[in-house]
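Good morning, colleagues. Please have the sequence and the model open while I speak. I shall begin with the sheet and then turn to individual residues.

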Amino acid sequence: MLLFHFNNYQASIWFTQANEISGRVLDWESRWIAYGQLGENNRQLTEVNVQLQKENEVLRHRLMDLEHDSSLTERTLSAHLANIRRIPAQVINNSIRDRDNLITINRGSADGIRNEMGVVCGTGVVGIVCQTGRHYAIVLPVLNSHSSISCRLKNTEYFGYMKWEGGNPLRAFIDDIPRHARIKKGEWVETSGFSSVFPAGIFIGKVKRVLNSEDGLSYKLEIGLSTDFARLRDVAVIDWSASNTQDSPLSHP
């Protein structure tokens with residue numbers, strides 16, 4: 001029990017071999033920990049916040065349509081946002097101290113969960129589903145060295161890939177931002193929509209510092225993450241693959 005509970009690698013292997021048993025144990029443990037908390041209120045707030053983020057993005061793109069002729073990409077993304085399906089779930093196992101953290105949620109293939117689905121919470125992006133059982137699934141969170149989230153600066157539309165370098169669970173980085181980009185501290189960072197995982201406009205965090213890249217040819221941005229993974233409980237798995245153009249040249253896994 002100690003081996004599987006405190007070691008993410010062994011835990012993921014055990015999950016593959018006996019996902020129903022391990023999932024139920026983690027689920028029971030999570031229920032006891034959450035006893036007495038306002039779980040239902042948190043779940044409702046998560047759904048409301050995700051819905052508000054989606055509606056905000058739709059309104060922003062509609063305003064852009066009125067001000068200028070939108071590109072094909074902008075119009076396509078705006079159309080896709082209206083068809084997003086969300087599956088509520090709860091985190092039953094989580095870690096933030098390892099280099100390659102993993103999250104377990106209490107929803108699986110029986111609930112419509114599939115690999116490569118995005119996971120969000122009321123404060124923004126959480127991660128991507130990487131392994132699915134019938135009633136439980138494992139999420140590759142932002143706090144994992146293998147995570148790479150396509151994102152953009154909200155006000156400038158410059159985009160890149162956000163990665164976590166370990167250590168501080170509230171900090172990540174975006175590389176290769178052009179030197180001519182005018183970046184200010186406090187600018188919002190959101191999903192770019194240039195993938196089959198997340199629609200555009202899901203909040204990720206804010207720019208904390210503008211740094212130089214190692215070669216000095218571009219900027220490296222330090223991002224203050226909007227999601228506190230240490231307190232993560234209620235999440236929503238999003239599915240927009242049915243309306244997303246999988247073979248678009250802008251798509252990135």
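Two strands are said to pair if DSSP finds at least two bridges between them. Helices (H or I, at least four residues) and strands (E, at least two) are DSSP runs, numbered from the N terminus. This is a predicted model, in which local features need pLDDT of at least 70 and side-chain atom pairs count only at pLDDT 80 or more, while totals for chains, interfaces and linings use all residues. Residues are numbered from 1 along each chain as its sequence is written, and side-chain values use heavy atoms, with hydrogens and water left out.

The sheet comes first. Six strands close into a barrel, in the order E6-E7-E8-E11-E10-E9, with antiparallel pairing. On average, neighbouring strands of this sheet are turned by 40° against each other, direction ignored; axes here are lines fitted to C-alpha atoms, for helices over the stretch in contact, and angles run from 0 to 180 degrees between N-to-C directions.

Let us follow some of the pairings. E8 and strand E11 (residues 218-225) run antiparallel and are joined by six bridges; alanine 172 has isoleucine 223 in E11 as its bridge partner. Seven antiparallel bridges link E10 and E11, and valine 210 stands opposite leucine 221 in E11. The hairpin of these two strands has five residues between them, and there glycine 216 takes a positive phi near 75°. E9 is joined to strand E10 (residues 203-212) by three bridges, again antiparallel, with tryptophan 188 opposite lysine 206 in E10.

Which residues does isoleucine 183 contact, leaving aside neighbours within four places in sequence? They are Leu153, Ile177, Val207, Val210 and Leu221, where contact means heavy atoms within 4.5 Å. Isoleucine 183 lies in the loop between strand E8 (171-178) and strand E9 (188-191). Its relative accessibility is 14%, so it counts as buried; buried means under 20% relative accessible area, exposed over 50%, and partly exposed in between (1.4 Å probe, protein chains only).

Arginine 152, in strand E6 (residues 149-153), is buried as well, with a relative accessible area of 5%. Its side chain makes a polar contact of 2.8 Å with the side chain of glutamate 190. A polar contact is a pair of N or O atoms within 3.5 Å; within protein, one must be able to donate a hydrogen and the other to accept it, and residues adjacent in sequence count only if both atoms are side-chain atoms.
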